[in-house]
Amino acid sequence: MFPLLLLLLATAHGLDRLPYKPTLANSSLGGLTTTSTFVLEQPRCVFTEMQDNTVIWLVVAVRTAVRNFNNSVGPGTPERAFQKFPTSTPAYMTLNTTLLNYPCPKSPGEFTVLRVGSETGCTTDETRPTCNGPLPGPGPYWVKFLALKDSKPVAETAWSEPITLRTARQPSSIPMMGSGRSAGMIALTSILSILFAILLAGLVAMLVFCSDICGGSSTFSKPEAVTVRRYNTHHVYDQPAARL
Ligand SMILES: *[C@@H]1O[C@H](CO)[C@@H](O)[C@H](O)[C@H]1NC(C)=O
């Protein structure tokens with residue numbers, strides 16, 4: 001009796017709320033988030049209760065749309081158009097595919113990700129409101145998958161964690177950064193070259209003076225005299241020792 005009641009309630013409600021949270025694909029693929037795109041794991045083994053011809057849509061939203069999102073506003077309508085996001089509409093729907101394309105389980109080694117924002121040909125084309133166009137800023141964005149059967153919402157996942165994209169450097173700050181860095185490099189290079197020049201000059205001077213004095217003195221048999229003297233003293237000390 002009780003399960004039957006629950007089933008009735010569920011069908012009356014009409015929408016299956018799945019606990020699955022869309023997640024960014026793991027980083028082993030590299031470059032997963034750019035300034036205008038991000039990569040999600042496909043919702044595999046998530047809509048297991050649905051029929052194969054159920055259409056799965058991705059909803060991309062800014063914060064204001066997350067709380068009271070209206071699942072009944074269909075994809076392709078002006079309120080869900082990519083071209084109006086996020087200034088006129090806080091969410092758009094894209095990347096529609098039938099559940100057949102998200103088979104469960106996924107075979108090993110298979111690419112099972114979705115790149116959001118990869119379609120550049122329809123960015124301003126209002127006849128293609130479901131365009132998977134480049135995201136208009138760093139976000140943050142929230143996403144969820146919504147399953148439609150005969151254009152009616154039948155299941156949805158939870159909203160993702162906020163997704164923030166990489167920030168492009170402000171165009172004005174690039175030359176500033178560049179000149180600042182190059183000024184530092186120039187200063188460092190000059191200091192290093194001056195130090196090197198001083199070192200080199202010292203070395204040259206030493207060589208010149210040494211060939212005049214040190215080098216000359218060494219050829220002047222001074223060391224020889226020393227060795228001779230040492231030899232003598234050694235002899236002198238050695239001889240009495242030998243006598244004893
Ligand atoms: C996605 O939706 C658009 C517009 O509703 C439709 O023209 C297109 O055939 C759909 N694509 C898939 C793969 O379901």
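The model is a predicted one.

Start with the covalent links. A search of the whole structure finds two disulfides. One of them joins C45 to C104, with an S to S distance of 2.1 Å. The C45 and C104 link is right-handed, with 105° about the S-S bond. C45 sits in the loop between β2 (38–41) and β3 (55–61), and C104 in the loop between β4 (91–98) and β5 (113–116), so the bond ties together parts that are 59 residues apart in sequence. Neither end counts as buried: C45 is partly exposed, at a relative accessible area of 38%. C104 is partly exposed too, at 45%.

The other disulfide pairs C122 with C131, and their sulfur atoms lie 1.9 Å apart. This link is right-handed as well, with 75° about the S-S bond. Here C122 and C131 are both buried. Number the bonded cysteines of the chain in sequence order, and the pairing reads 1-2, 3-4.

Now look inside. The largest nonpolar core has 27 residues. Those with the most contacts inside this core are F38, L40, F47, V60, V116, L135 and F145. Strands β2, β3, β5 and β6 (142–149) each supply at least two of its residues. A second, separate core has twelve residues, including W57, V59, W142 and L146.

Next come the charged pairs. Side chains of opposite charge can pair when their charged atoms come close. Five salt bridges turn up in a search of the whole structure. In one of them, the side chains of K84 and E126 meet at 3.5 Å, N to O. K84 lies in the loop between α2 (63–66) and β4, while E126 lies in the loop between β5 and β6. This pair links distant parts of the chain, 42 residues apart. K84 is partly exposed, with a relative accessible area of 28%. E126 is exposed, at 54%.

A further salt bridge runs between E119 and R128, whose closest N and O atoms are 2.4 Å apart. E119 counts as partly exposed at 28% relative accessibility. R128 also counts as partly exposed, at 37%.

What about E156 and K144? They form a salt bridge, with the closest N and O atoms 2.4 Å apart. E156 lies in strand β7 (residues 152–156) and K144 in strand β6, so this bridge ties together parts that are twelve residues apart in sequence. Are the two partners buried or exposed? The cut-off for buried is under 20% relative accessible area. E156 has 8% relative accessibility, so E156 counts as buried. K144 has 3%, so K144 counts as buried too. Salt bridges that share partners join R17, K144 and E156 into one network.

Finish on the surface. Which residues form a nonpolar patch there? They are L188, I191, L192, I194, L195 and I198. Together these residues have about 620 Å² of accessible area. One of them, I194, is found in helix α3 (residues 173–212).

Note on methods: Residues are numbered from 1 along each chain as its sequence is written. This is a predicted model: local features need pLDDT of at least 70, side-chain atom pairs count only at pLDDT 80 or more; totals for chains, interfaces and linings use all residues. Side-chain values use heavy atoms; hydrogens and water are left out. A disulfide is a pair of cysteine sulfur atoms within 2.5 Å. Helices (H or I, at least four residues) and strands (E, at least two) are DSSP runs, numbered from the N terminus. Buried means under 20% relative accessible area, exposed over 50%, partly exposed in between (1.4 Å probe, protein chains only). Patches are made of residues with over 30% relative accessible area and no salt bridge: like charges are joined within 9 Å, nonpolar side chains (Val, Leu, Ile, Met, Phe, Trp, Tyr) within 5 Å. Accessible areas come from the Shrake-Rupley method with a 1.4 Å probe; for residues, only the protein chains shown count as cover. A salt bridge is a side-chain nitrogen of Lys or Arg within 4 Å of a carboxyl oxygen of Asp or Glu. A nonpolar core is a set of buried Ala, Val, Leu, Ile, Met, Phe, Trp, Tyr and Cys residues joined through side-chain atoms within 4.5 Å.
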